Amino acid sequence: MPHRDLSLAEQENVRVCLRSLRSRFGTWRTVERSLPVAHSVMVDVMSGRCEVSVAIAFRTAKMLDASVHDVIAGKAVPADTCTHCGKQTSEHWRCAGEAG
């Protein structure tokens, strides 16, 4: 079994935070530039083709003004944030995903 810095659940929590940043900033390009992360890396991370690195988790925490622990524990975004699109319930009308 390969060694992971972040568990699969922790990686998914970081992805939810990244989707929240995308919702806040408007485009993935803006998220990539603010972290900074290469476009190809972001595509691979968000599609699950590669693991979320600790560096991406740390940079995401900085952008959310939250602790790394909160980001990997899934506490950095409000509980009513959609895990699929990153929007909050009040903005959530197009996505087929569910909040919480």
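Which residues of the largest nonpolar core touch the most other members? Keep that in mind while opening the structure, which is a predicted model.

Start by selecting Val-14, Leu-18, Leu-35, Met-42, Ile-56, Leu-64 and Val-71. Among the 21 residues of the largest nonpolar core, these touch the most other members. Next, colour helices α1, α3, α4 and α5 (68-73): each of them supplies at least two residues of this core. The largest share comes from α1, with five residues.

Now select Ile-56 and display what surrounds it. Beyond its neighbours within four places in sequence, Ile-56 is in contact with Val-14, Leu-18, Val-37, Val-41 and Val-45.

Move on to helix α3, residues 39-47. Its buried residues are Met-42, Val-45 and Met-46. Turn the view to look down the axis of α3: the buried residues fall within an arc of 90°, so they line one face of the helix. An α-helix has 3.6 residues a turn, so residues three or four places apart point the same way. To find what the buried residues of α3 pack against, show α1 (8-25), α2 (28-34) and α4 (54-64). Then step just past the end of α3 to Gly-48, which has a positive phi of about 85°.

Finish with the cysteines. Select Cys-17, which counts as buried because its relative accessibility is 1%, under the 20% cut-off. Then select Cys-50, which is partly exposed, with a relative accessible area of 27%. How many disulfides does a search of the whole structure find? The search finds zero.

Notes
Residues are numbered from 1 along each chain as its sequence is written. This is a predicted model: local features need pLDDT of at least 70, side-chain atom pairs count only at pLDDT 80 or more; totals for chains, interfaces and linings use all residues. Side-chain values use heavy atoms; hydrogens and water are left out. Buried means under 20% relative accessible area, exposed over 50%, partly exposed in between (1.4 Å probe, protein chains only). Helices (H or I, at least four residues) and strands (E, at least two) are DSSP runs, numbered from the N terminus. The arc is that of the directions from the helix axis to the C-beta atoms. Contact means heavy atoms within 4.5 Å. A disulfide is a pair of cysteine sulfur atoms within 2.5 Å. A nonpolar core is a set of buried Ala, Val, Leu, Ile, Met, Phe, Trp, Tyr and Cys residues joined through side-chain atoms within 4.5 Å.
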